[in-house]
Structures are given as C-alpha cells and as structure tokens.
Amino acid sequence: MIELISAARCTGCNICVAACPTNVFASSLSGPPVIARQADCQTCFMCELYCPEDALYVAPTAGAPLGLASEADAPLPLGTYRAAIGWTPATAANRSVDAMHAVLSAK
C-alpha cells in the first residue's frame, strides 16, 4: 500500500498520478501530489516504479496503512523496488526505450 511521498525528493512531475491505475493520488499545483485515496491502492508498485526521483514508498503489504510520518520511518529505502528490478540511475538512459515511460512523462 502506498505509504508516503517525500516532499524533499518529489519534483511535482505527477508521473505517479498518471501511472496509478486506481486513481489513488490527487495532483497539486503547489507541491507534491497527495495520497488522496490510500485505501484504493492495490500495491501494484507502478507509482514507485515510474517515479524518476525515488520519492515514493509502497509497503509490500496491502493490509492496513503503516502510518509512516517520514522517509526515515520507511522500513526500506525509497526506490528499493525500482532498484530491485534493475531500474537504477545507472540505467536511466534505457528509459527512452520504455514506451510506457514515454507516455507517462509526456503528461
């Protein structure tokens, strides 16, 4: 379940808003998106996967929210899922061949 958005890392690109298949986020004109409908999160990790700044934390459990107050409270570093599947800063150049990333980045 989506647990937090790091305001320090988020650039407000709203890719997470576009990537979420269940409309969990609400975009904001004055800062990072907000987690508006946390209970609707299906723990698909699409938001965490496509966030270019590793600003999101999705807990691998889909039960009740963990209630994390800050990035320091996260059980794993932000971006751990992306790194685990091989999407790291070192592979950022490969994003141009991912059609979904191109669609989400264009919004």
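The legends below walk through several views of one predicted protein model.

**View 1. The whole chain, from end to end.** Welcome to the overall picture of this predicted model. The protein has four helices and four strands, and from the N terminus on they follow the order β-α-β-β-α-β-α-α. Along the principal axes, the C-alpha atoms fill a box of roughly 35 × 30 × 25 Å. The radius of gyration is 13 Å, which agrees with the value near 13 Å that a compact globule of 107 residues would have. Of the contacts with a separation of 6 or more, 57% join residues 24 or more positions apart.

View 2. The accessible surface comes to about 5800 Å². Carbon and sulfur atoms account for 59% of that surface.

View 3. The average pLDDT of the protein is 90, and 99% of the residues score at least 70. Where is confidence highest, and where is it lowest? Strand E2 (residues 25-26) has the highest mean, at 98, while helix H4 (residues 99-105) has the lowest, at 79.

**View 4. Cysteines without a disulfide.** How many disulfides does the structure hold? The count is zero. As a reminder, a disulfide is a covalent bond between the sulfur atoms of two cysteines. For cysteine 10, the closest cysteine sulfur belongs to cysteine 16, and at 6.2 Å it is too far for a bond.

View 5. Side chains of opposite charge can pair when their charged atoms come close. The count for this structure comes to two salt bridges, and this view shows the one between arginine 9 and glutamate 71, with 2.8 Å from N to O. This pair links distant parts of the chain, 62 residues apart. Arginine 9 sits in the loop between strand E1 (2-5) and helix H1 (15-19), and glutamate 71 in the loop between strand E4 (56-58) and helix H3 (80-84). Arginine 9 is partly exposed, at 31% relative accessibility. Glutamate 71 is partly exposed too, with a relative accessible area of 31%.

**View 6. A salt bridge between buried partners.** Are the partners here buried or exposed? Let us begin with the pairing itself: arginine 82 forms a salt bridge with aspartate 54, and their closest N and O atoms are 2.8 Å apart. This pair also links distant parts of the chain, with arginine 82 in helix H3 and aspartate 54 in the loop between helix H2 (46-50) and E4, 28 residues apart. Arginine 82 counts as buried, at 3% relative accessibility. Aspartate 54 is buried as well, with a relative accessible area of 17%.

**View 7. Serine 6 and threonine 11, in one loop.** Serine 6 lies in the loop between E1 and H1, and threonine 11 lies in the loop between E1 and H1 as well. Which of them is buried and which is exposed? Serine 6 is buried, with a relative accessible area of 5%, whereas threonine 11 counts as exposed at 54% relative accessibility. Setting aside residues up to four places away in sequence, serine 6 touches Ala55, Glu71 and Leu78. Threonine 11 and alanine 74 are 63 residues apart in sequence, and their C-alpha atoms are 20 Å apart in space.

**View 8. Two residues with positive phi.** Most residues other than glycine have a negative phi. Asparagine 14 has a positive value, near 65 degrees, and threonine 43 has one near 55 degrees. Asparagine 14 belongs to the loop between E1 and H1 and is partly exposed, with a relative accessible area of 22%. Threonine 43 is found in the loop between strand E3 (34-35) and H2, where it counts as buried at 12% relative accessibility.

Terms used:
Residues are numbered from 1 along each chain as its sequence is written. This is a predicted model: local features need pLDDT of at least 70, side-chain atom pairs count only at pLDDT 80 or more; totals for chains, interfaces and linings use all residues. Side-chain values use heavy atoms; hydrogens and water are left out. pLDDT is the predictor's confidence in each residue, from 0 to 100. Helices (H or I, at least four residues) and strands (E, at least two) are DSSP runs, numbered from the N terminus. A disulfide is a pair of cysteine sulfur atoms within 2.5 Å. A salt bridge is a side-chain nitrogen of Lys or Arg within 4 Å of a carboxyl oxygen of Asp or Glu. Buried means under 20% relative accessible area, exposed over 50%, partly exposed in between (1.4 Å probe, protein chains only). Contact means heavy atoms within 4.5 Å. The radius of gyration is taken over C-alpha atoms; the globule rule is 2.2 Å times the number of residues to the power 0.38. Accessible areas come from the Shrake-Rupley method with a 1.4 Å probe; for residues, only the protein chains shown count as cover.
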